[in-house]
Amino acid sequence: MTDEAHRRRSHAERLLGRTPPESSAATTPPTAPPAVLNAETMPAIVETAIQVAIRQGQFDDLPGAGKPIPGLGDHHDPDWWIRRKIERENLTGLGPPALMLRVEDRELDSQLDDLRSENDVRAVVEDFNRRVIEARRQLLGGPPVVTKPRDVEAELEAWHERRDRREAARVEPAPAAERKKRWFRKA
């Protein structure tokens, strides 16, 4: 056993409240833990702290113990950390304009259905079209913008139809459910 390894072991045993074995204690004098924290003593201190924690069982039952590290065998992605942050914290509104416009295009009809006036619908569709055209003009890289601008008049007509259908469904009373016959009769 080298002097460095022996010194680490005896220091760890002192921290645990044990005394080093008699045979090794007789051959080498006990060493005190390093009094100064510097680049030379730091590895010994860290190793000692790790060994003490292992012996105390502080590394037992850690979350993920015995499971493979997620994403270890996948292809190299330089933006892995930001993707995981977005997934973990469920962030929205982040990403290249092309992808954000695709998501917004899918959800635009439901967003328009929440609006009350024709002017609001027109303003939202025009703003969407302006951002689509602006994203197509930028040459910043990233995925291509494949989202098409929407026809304002066609969107207004579709909005009116959806609104009329909702109101008609709301006005029509639902058919009354037939009363169930009871299996017993009162006498």
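Tutor: A salt bridge is a side-chain nitrogen of Lys or Arg within 4 Å of a carboxyl oxygen of Asp or Glu. Areas come from the Shrake-Rupley method with a 1.4 Å probe, and for residues only the protein chains shown count as cover. The model is predicted: local features need pLDDT of at least 70, side-chain atom pairs count only at pLDDT 80 or more, and totals for chains, interfaces and linings use all residues. Residues are numbered from 1 along each chain as its sequence is written, and side-chain values use heavy atoms, leaving out hydrogens and water.

Student: Which residues make the nonpolar surface patch?
Tutor: L37, M42, I45, V46, I50, I54, F59 and L62, covering about 660 Å².

Student: Where's F59 found?
Tutor: In the loop between helix 3 (42-56) and helix 4 (80-89); helices are DSSP runs of H or I, at least four residues, numbered from the N terminus.

Student: Switching topic: is R150 buried or exposed?
Tutor: R150 is buried, because its relative accessible area is 16% and buried means under 20% (exposed is over 50%, partly exposed in between; 1.4 Å probe, protein chains only).

Student: What does R150 touch?
Tutor: Leaving aside residues up to four places away in sequence, D105, L108, D109, V125, F128, N129 and E155, with contact meaning heavy atoms within 4.5 Å. A polar atom of the R150 side chain lies 2.8 Å from the backbone oxygen of D105.

Methods. Patches are made of residues with over 30% relative accessible area and no salt bridge: like charges are joined within 9 Å, nonpolar side chains (Val, Leu, Ile, Met, Phe, Trp, Tyr) within 5 Å. Helices (H or I, at least four residues) and strands (E, at least two) are DSSP runs, numbered from the N terminus. A polar contact is a pair of N or O atoms within 3.5 Å; within protein, one must be able to donate a hydrogen and the other to accept it, and residues adjacent in sequence count only if both atoms are side-chain atoms.
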